[in-house]
Amino acid sequence: MNDKEESREIRQKIRSVLMNEWDPIGVKDVSEAAGEYDSYLGDVYRLVVENAPASKIANYLRHVEVDRMGLTDAQGTPLLPDNVRYLRCNLVEGATAKVAHYQSWTSYIESYMMQATAEIADRISTISVSSTLKVSADADRLRREGVDVVDFGAGEPDFPTPANIKEAAIQAITANFTKYTNAGGTPELRQAICDRHRQDFGTNYSPSECMVTVGGKHAIFNLIQALINPGDEVIIPVPYWVTYKDVVNYAGGVCVFVETNENTGFEVNAAMIERHLTPKTKLVIINSPSNPSGAVLSKKDFRDIFDLASKRDIFLMTDECYCHFLYEDQPFSIAAAPGAKETVVVAGSLSKTYSMTGWRIGFALAPAEIINAMMKLQSHSTSNPTSISQKAALEAMRGPQDSVPDMLAEYRRRRDFVIQRLREIPGVCIVVPKGAFYAYPNISVAYSGGKVTNSLDFSSQLLAQAHVAVVPGEAFGTNDHIRISYATSMHELKRGLDRLHNFIDTLRA
Ligand SMILES: Cc1ncc(COP(=O)(O)O)c(C=O)c1O
């Protein structure tokens, strides 16, 4: 049975269960909770939207989003993957709602129906929900329930955006810089990005080889869509940042994973990559420092990989999201290597460097032909990155840079603490991160007790029982690890690592 037929069958089963509707056992007014309402497994609810024009009710109901279904039929046969967690409803402004408490699965089923009957395009099934965002959502949900959660999941700096950058945005609003801009960003910002990259790394890009995007993720998305044809192979070292895989799949490309070894610090080198090259290889993706492992490629290895790729006209994408957060080496860009501009594509981001995750500004530096293709795509998707954020980004590029070493110093302090605490947990192995702000310990020692057997179970039980949110290694292509983001306060790190230590002790007992 193919996916489509299976989906059709599931829908039919759901329809038959729906015929058997149960009466509500209670009704709760949730109008006050405008915005969101969560219900939980075992407490099955049905959302009834009131005060909304009849013609719009279907639209309102579509705001219901079901997370992780876990339905079974009367015989207990699973209809959908397990782990029903919650039902989230976003109410449109002006609508009020009542939630009827049911004893059956009805509301889950109905909500699923709304999704299933939408006949979603096949290409969407090639991607999955970003696990990192999912962890944040799960942690958030528990927090709203009143649980004291320590969040090591979020990959974002806990520092505020520097004041000069915020001020530039305020001035942009005051000066009415609030309209569309060029699709690829304002000429002055493109120039400023080229200038900053030249100053920091000694590269030599001009604005026609630069575009501004809605975050670094968007630069990567645009690039892959512009470059990868169905069947093209893309080399991705493991562990990898979650998004690469999905974006390549979405373009119809084929991910070719290069396994690395934690005993050698998750290092990747040209020989390892060469073994995976075929005539179909179009692109190699390198992320140094790496999210999730914090591994940093040496200049020599980076050069060797570039030489290997360029000799065969294979593109090399360097994801420089964390390039300023290095604990041992000086910041470095392979784009500065002689001849690199022809085949190297830089995906850059202001999110981490200037603590600007919410502003959504990233950029790409690449041959003008590729930039033009990416801009064509961007002009039909986002039109342009937000004008106000672009002004803020201009200040980030041209203004004082002292916030960056200040943040790095604090990350170093936290990294050293996290490593020390992880080493105190018997059996846990940790490769010392040389960059970024993540630790990627091997926690497989906890599997020995038989209570959990993989990083997914480990992480969900850690959250449920010890109230610590981490991202399972599974999201990054390994099964024995968890990712701990130490972009959080020392106070939280202490609390969370105490809990993690106890939790692992309990699992092993
Ligand atoms: C390795 C890596 N690349 C790119 C990004 C994209 O960041 P943004 O879209 O916020 O600029 C991230 C964000 O977490 C990342 O970890």
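**Entry: N479 and its surroundings.** I started at N479, which, once its neighbours within four places in sequence are set aside, is in contact with N454, S455, G473 and E474. The model I am reading is a predicted one. I located N479 in the loop between β17 and β18, and I noted that N479 is partly exposed, with 15 other C-beta atoms within 10 Å. I also looked up N442, which lies 37 residues from N479 in sequence, while their C-alpha atoms are 8.9 Å apart in space.

Entry: I followed β17 and β18 into an open sheet of three strands, ordered β15-β18-β17 and paired in antiparallel fashion. I saw that β15 (438–439) and β17 (471–472) stand at the edges with a single partner strand each, so one side of each is left without a neighbour in the sheet. Between β15 and β18 (residues 482–485) I found two bridges, and Y438 has S485 in β18 as its bridge partner.

**Entry: the chain as a whole.** I then stepped back to the protein chain, which has 15 helices and 18 strands. Of its 509 residues, 43% are buried, and among the contacts with a separation of 6 or more, 73% are between residues 24 or more positions apart.

**Entry: the seven-stranded sheet.** Which order do the strands of the seven-stranded open sheet follow? I read the order as β8-β14-β13-β12-β11-β9-β10, with mixed pairing. Here β8 (210–213) and β10 (254–258) are the edge strands, and each has a single partner strand, so one side of each is left without a neighbour in the sheet. Neighbouring strands of this sheet are turned by 20 degrees against each other on average, direction ignored. Helix α6 (residues 187–201) packs on the sheet, where it touches β8 and β14 (362–365), and its direction makes about 110 degrees with that of β8.

**Entry: helix α12.** Is α12 largely enclosed or left open by the rest of the structure? I found nine of its twelve residues buried, so α12 is largely enclosed; among the buried ones are S389, K391, L394 and M397. The cover over the buried residues of α12 includes α5 (163–174), α6 and β8. I also checked the length of α12 (residues 387–398): at 1.5 Å a residue it should span 16 Å, and its end C-alpha atoms are 17 Å apart, which agrees.

**Entry: the ligand.** I listed the 13 residues that surround the ligand, of which G215, G216, K217, S349 and S351 are the closest. The shell divides into two nonpolar, nine polar and two charged residues.

**Entry: backbone exceptions.** I kept in mind that most residues other than glycine have a negative phi, and that most peptide bonds are trans. V238 and P239 are joined by a cis peptide bond with omega about 0 degrees, and P239 sits in the loop between β9 and α8 (242–250). The bond from S288 to P289 is also cis, with omega near -5 degrees, and P289 belongs to the loop between β11 (281–287) and α10 (299–311).

F266, not a glycine, has a positive phi of about 60 degrees; I placed F266 in the loop between β10 and α9 (270–274), and it counts as buried with 23 C-beta neighbours inside 10 Å. S355 has a positive phi of about 50 degrees, lies in the loop between β13 (344–349) and β14, and is buried, with 22 other C-beta atoms within 10 Å.

Terms used:
Residues numbered from 1 in each chain as written. Predicted model: local features only at pLDDT ≥ 70, side-chain atom pairs only at ≥ 80, totals over all residues. Pairing = 2+ DSSP bridges. Helix = DSSP H or I, 4+ residues; strand = E, 2+ residues; numbered from the N terminus. Axes fitted to C-alpha atoms, helices over the stretch in contact; angles between N-to-C directions. Contact = placed C-beta atoms within 7 Å. Near = placed C-beta within 6 Å. Nonpolar A, V, L, I, M, F, W, Y, C, P; charged D, E, K, R; others polar. Expected span 1.5 Å × (residues − 1). Buried ≥ 20, exposed ≤ 12 C-beta atoms within 10 Å, placed from the backbone.
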